[in-house]
Amino acid sequence: MQSNYNKHKTTPGQEYKIGTRIMAKYTITYKCGHTAEVQLYGKESERKRKIKWYYTINCPECEAREAAKVADEKGYPELTGTPKQVAWANQIRNKAVALYEELCATAPEQNKSLLLSLKDRWVANEVTASYWIDNREELTYKSELIKLVQKSTNFKKS
Ligand SMILES: [Zn+2]
């Protein structure tokens, strides 16, 4: 990352103070090559670390486009909501479904096909961006995730 950091031209941040906070504006470069102007706070070492971190992530637009592409390839239904909500929800859904698939993969053999069929119903049922956004915390935990899938699909343990 160090070499990458040095290779890129980052405009030297013009420091200024608001109250006791030192801030500086930088033009940063994302992993995808796009740039953005950002305001960074804190000590110079902290700001440099943040600048380096931007090199490791894609810009929000590329991230949204990539998520939409993945969702499309997987055949997930289009989500309803504002473009901003949909862009965000696509990313949450992709991660959540991938986590659920991980869970299916480690499940006992006799449960696998049932779990996978629930996945399809779940994804088909939850087509609002707000569902994924509202549940984004729970969707990162396997134990909560399975509860949400069961709730969404009306699954009752017999
Ligand atoms: Zn980009």
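Predicted model: local features only at pLDDT ≥ 70, side-chain atom pairs only at ≥ 80, totals over all residues.
Residues are numbered from 1 along each chain as its sequence is written.

Strand S2, residues 21-29, and strand S3, residues 35-41, pair in the antiparallel sense over seven bridges; pairing requires that DSSP finds at least two bridges between the strands. Met-23 stands opposite Tyr-41 in S3.

Now the whole chain. It has seven helices and three strands, in the order α-β-β-β-α-α-α-α-α-α along the sequence. Helices (H or I, at least four residues) and strands (E, at least two) are DSSP runs numbered from the N terminus. Of the 158 residues in the chain, 16% are buried. Buried is 20 or more other C-beta atoms within 10 Å of the residue's own, exposed is 12 or fewer, and partly exposed is in between, with C-beta atoms placed from the backbone.

Next, the helix pair. The axes of helix H3 (residues 60-74) and helix H4 (residues 83-105) come within 8 Å and cross at roughly 55°. Axes here are lines fitted to C-alpha atoms, for helices over the stretch in contact, with angles from 0 to 180 degrees between N-to-C directions. H3 and H4 are therefore oblique to each other, oblique being what remains after under 35 degrees (roughly parallel), over 145 (roughly antiparallel) and 65 to 115 (roughly perpendicular).

On the H3 side, Glu-63, Ala-64, Ala-67, Ala-68, Val-70 and Ala-71 meet Ala-87, Asn-90, Gln-91, Arg-93 and Asn-94 in H4. Contact means C-beta atoms, placed from the backbone, within 7 Å.

Also in helix H3 is Cys-62. What does Cys-62 touch, not counting residues up to four places away in sequence? Cys-32 and His-34. Cys-62 counts as partly exposed, because it has 15 C-beta neighbours inside 10 Å. Cys-62 and Tyr-30 are 32 residues apart in sequence and 9.8 Å apart in space, C-alpha to C-alpha.

Last, Asn-154, in the segment after helix H7 (142-152). Asn-154 is not a glycine, yet has a positive phi of about 55°. Most residues other than glycine have a negative phi. Asn-154 is exposed, with 9 other C-beta atoms within 10 Å.

Definitions and conventions:
Contact = placed C-beta atoms within 7 Å.
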